[in-house]
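The following note sets out a number of points for a colleague examining these coordinates. Please read it alongside the sequence and the structure.

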Amino acid sequence: MTAMLNVKDLRAYYGQVQALHGLSFSLNEGSLTTLLGANGAGKTTTLRAICNMVRSTGAIEFEGKPIGTRSTENVVRLGIAHVPQGRGTFTTMTVEENLQLGAITRTDKKAIVSDIERMYAHFPVLKQRYTQQAGTLSGGEQQMLAVARALMLRPRLMLLDEPSFGLAPLIVRDLFGILGKINREDKVTILVVEQNAQLALELADQAYVIETGRIVMAGNAKDIANNEDVRKSYLGY
Amino acid sequence: MSAAEEVVTEGQAVEAVPKRAMTLGYGTSLVVLVALIITPLLVKNFIIFQMTMLLIYGLAVLALNILTGGSGQFSLGQSAFYAVGAYTSAILMEHANMNYALTLPIAGIICFGFGYLFGKPALRLSGVYLALATFALATAMPQLLKLGFFEHWTGGVQGLVVTKPDAPFGLPMSQDMWLYYFTLVITIGIYLASVNLLRSRSGRAFMAIRDNEIAASAMGVDVALYKTLAFGVSAGITGVAGGLGAIAVQFVAPDGYTITLAISLFLGMVVGGVGWLPGSIVGSAFIIFVPNIAEGISKGLSGAVFGVLLFLVIFLVPHGARQVAIVATQLFGKLKKN
Amino acid sequence: MELFVNQVLAGVATGAIYACMALAVVMIYQAIDHLNFAQGEMAMFSTFISWQLMQWGVPYWGSFVLTVGFSFVAGIAIERLLFKPLAKAPILTNVAGFIALYAIINSVAGLIWDFTIKQYPTPFGSSPFLGSQLISTHQAGMIGLTILMLVLLFFFFRFTRVGLAMRAAASLPESARLVGINTSWMIALGWGMAAAIGSVAGMMIAPVVFLEPNMMLGVLIYGFAAAVLGGLTSPFGAVVGGFLVGVFENLVGTYIPGVGNELKLPIALALIITVLVVKPAGLFGRPIIKRV
């Protein structure tokens, strides 16, 4: 299998502070990978570095092309959708407008319309609320909207930053079920950053564990989930 | 609209400035102080007068800096406070024959009250809305001063002529030189008081409000009180500057205090570096001298030259003189190490 | 009563000027989240360009279209050249930049066209409108054109993809980049559109206030006031705000004794501030809903 995303020796900086110390990892096409670690380990920074939203050095290749120097919007145009922490919902716009925005780089108008219908099928709650201002949605609904918006890009790769944050456990189960379905049925490669390690490892097939900006463990999700020592020392459950 | 009431979380108008970065080191302060004391002994009276104005506008910029750099509120209305201060001093001196030095604290107190009262309704406004409100105040002020109702006191459109004080105790110095040192002492006093204010509990409250109002109120800072207080203090200092200005220029008239003055003071703050008190004097120098320089370069295009110079400054150092000072300090530090 | 009605009508007529300008103000506020103090000067310069074109023999509507096009391009150029480099600078630095731009344009226009007052033609004629002495056909035409622009803007922002992208870029730049919008160009586009709308405002206003480099000074202040009153996030509010300010101003001048021309502006501003204290987001401003 070829690697879809290849990251080598990634270092990222916030001002003078270095947040990533030479991260290397790769994602296989069609895989669902999770990036685990404690608060401040550098998970969010890794995603932001892929989309060039933070100053970084190192090599990032997407489908063989180097993307390290592209601007955020040009990275996105390659088919990399990023659902940021806090969801990035356009709160003053309606649900439908948010979905439209997800497809703003596409020109196939008819397909966009049918994709919006598809999203409503995936997430029926969005259909009920399609004329509402997105800011009035509950946290769970906003997360659904964020995922749907990202899918409107018809991405090849989707990056999710703590999708479970602030959501009730039942809703998280729901959401992860949908993510799995998207990965299998729509063939979207997914990289999900999570603090809820247990759930993420159930869902994913690959996993990386990072600590203070370095990768400390990589492998099959099941193996990591079954490794008592890793679970205790890094994942805390 | 829905039940969700608006909770506007605006982008910060002002960047956070660390508290220590608000002042100069002791060594640098000393050098500046010595330069300010010695220079007048070596130059002509007209230049001394300009240096006096430099200090006076410096005070006014400093006052705006406390308001904007300290508490994050924006004002385009400083010229109104400056005018009130100037008129208070002038009226007390000319109608009540009061000693010029005594008029200044009164001007300060009256302006403090005025600013405090203005700050009350302004509490509900922020960002551009506050800018508009203060702007309205600045445009209204000259018109109010012209009103026939106050004419007996203010002299209407004609304004008032103010007598320039002589040096006391028979000191052998010119009026200009005396006024310069008098102003210098007041400026240093107010500068030190301001530094202390910003380092005090109240100063921390100001800055907490500037950085995050909601968090500040959650920590128990009385946001309303401190915001109005910041307005009051800023207006008070501006009033003292206005009073000094009236004495130095020997004249007050409504058209001396238009919105142009308020805009100049604003530019002075930006050029000096928002939130950096020593920068006030640099900003003051910019607004006093650069228009003259522009005029010198091209009479017909002086406005354009001024604009271009202003653009150059903000392109090269978007954070104003503060940025220059930081870079200079770093360079100096490196030199020391080597 | 008749006096009142007449004064309201006259207010609406002057209000049209403010409404026109306020629309341009709101436009740029949407794009860059700030009031552009140089906006009036940009409009003035555009109006001079159209005047110059007419001097050279271009017919009115021809020069109108050319001027709008020129202004659009010039607006984009100003953004690319002067304000894009300042994108990361503090907001107050940007405001200083607006003031610098103001000084430059005003001074250059004065040098090229000098400060004497010039007549500026109107395409609508200046006879009484529907027999009313208070509103001329020009003013009626101006009101019509303002409303037309408003409708066009509404459709642009509501139903076009570029309009949607511009709104997204203005409200949440980072999220907008994450859906692939080039936010930097959206800002430039906002400048261009604001300059174009401003040029229309200038060409409509010039027949009333006459053409000279300082013609927009007062108008811009009223335009700001109108935009703020109506709510800076609402083009519709800006236009209504413009008419309200015009009416306000006229009624204040008529019914409050002792108010000369000099005090009209401060009192109008004071009234607006009173309104804002009660309703800080403006009359039609969209309340922003945000979780803290």
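1. In strand β6 (residues 80-83) of chain A, A:Ile80 and A:His82 point one way, while A:Ala81 and A:Val83 point the other way. All of these residues are buried. It should be noted here that the model is predicted.

2. Strand β6(A) pairs with strand β7 (residues 157-161) of chain A in the parallel sense, over 4 bridges. Within this pairing, A:Val83 stands opposite A:Leu160 in β7(A).

3. A further sheet in chain A is open, has 4 strands in the order β2-β1-β4-β5 and shows antiparallel pairing. The edges are taken by β2 (17-28) and β5 (65-66) of chain A; each has a single partner strand, so one side of each is left without a neighbour in the sheet. Between strand β1 (residues 3-14) of chain A and β2(A), which run antiparallel, there are 9 bridges. A:Leu5 stands opposite A:Leu27 in β2(A).

4. As a whole, chain A holds 10 helices and 10 strands. Its radius of gyration is 17 Å, close to the 18 Å that the globule rule gives for 237 residues, so chain A is as compact as a globular protein of that length. The C-alpha trace of chain A spans about 45 × 40 × 35 Å along its principal axes. Of the 237 residues in chain A, 48% are buried. Among contacts in chain A with a separation of 6 or more, 66% are between residues 24 or more positions apart.

5. Which elements of chain C give two or more residues to the side that touches chain A? The contact involves 19 residues of chain C and 22 residues of chain A. On the chain C side, the elements that give two or more residues are α6 (161-171) and α7 (173-178) of chain C. The largest share, 6 residues, comes from α6(C). By type, the residues on this side of chain C divide into 9 nonpolar, 4 polar and 6 charged.

6. At 1.5 Å a residue, its 24 residues should span 34 Å, and the end C-alpha atoms are 32 Å apart, which agrees. The buried residues of α3(C) include C:Ser63, C:Thr67, C:Phe72, C:Ile76, C:Glu79 and C:Phe83. The packing partners of the buried residues of α3(C) are α2 (39-55), α4 (91-113) and α8 (183-209) of chain C.

7. The largest nonpolar core has 281 residues, and those with the most contacts inside it are C:Ala22, C:Leu23, C:Val25, C:Ala225 and C:Val228. Helix α1 (residues 2-32) of chain C gives the largest share of this core, 19 residues.

8. C:Leu23 has its place in helix α1 of chain C and counts as buried because it has 29 C-beta neighbours inside 10 Å. Not counting residues up to four places away in sequence, C:Leu23 touches C:Thr146, C:Met149, C:Leu150, C:Ile197, C:Pro235, C:Ala238 and C:Val239. C:Leu23 and C:Ile147 are 124 residues apart in sequence and 10.0 Å apart in space, C-alpha to C-alpha. With residues up to four places away again left out, C:Val228 touches B:Val128, B:Tyr129 and B:Leu132 in chain B, together with C:Ile272, C:Leu276 and C:Gly282 in chain C.

Technical notes:
Residues are numbered from 1 along each chain as its sequence is written. Chains are lettered from A and ligands numbered from 1 in the order in which they are written. This is a predicted model: local features need pLDDT of at least 70, side-chain atom pairs count only at pLDDT 80 or more; totals for chains, interfaces and linings use all residues. The expected span of a helix is 1.5 Å times one less than its number of residues. A residue is buried if 20 or more other C-beta atoms lie within 10 Å of its own, exposed if 12 or fewer, and partly exposed in between; C-beta atoms are placed from the backbone. Two residues are in contact if their C-beta atoms, placed from the backbone, lie within 7 Å. Ala, Val, Leu, Ile, Met, Phe, Trp, Tyr, Cys and Pro count as nonpolar, Asp, Glu, Lys and Arg as charged, and the others, Gly among them, as polar. The radius of gyration is taken over C-alpha atoms; the globule rule is 2.2 Å times the number of residues to the power 0.38. A nonpolar core is a set of buried Ala, Val, Leu, Ile, Met, Phe, Trp, Tyr and Cys residues joined through C-beta atoms within 7 Å. Two strands pair if DSSP finds at least two bridges between them.
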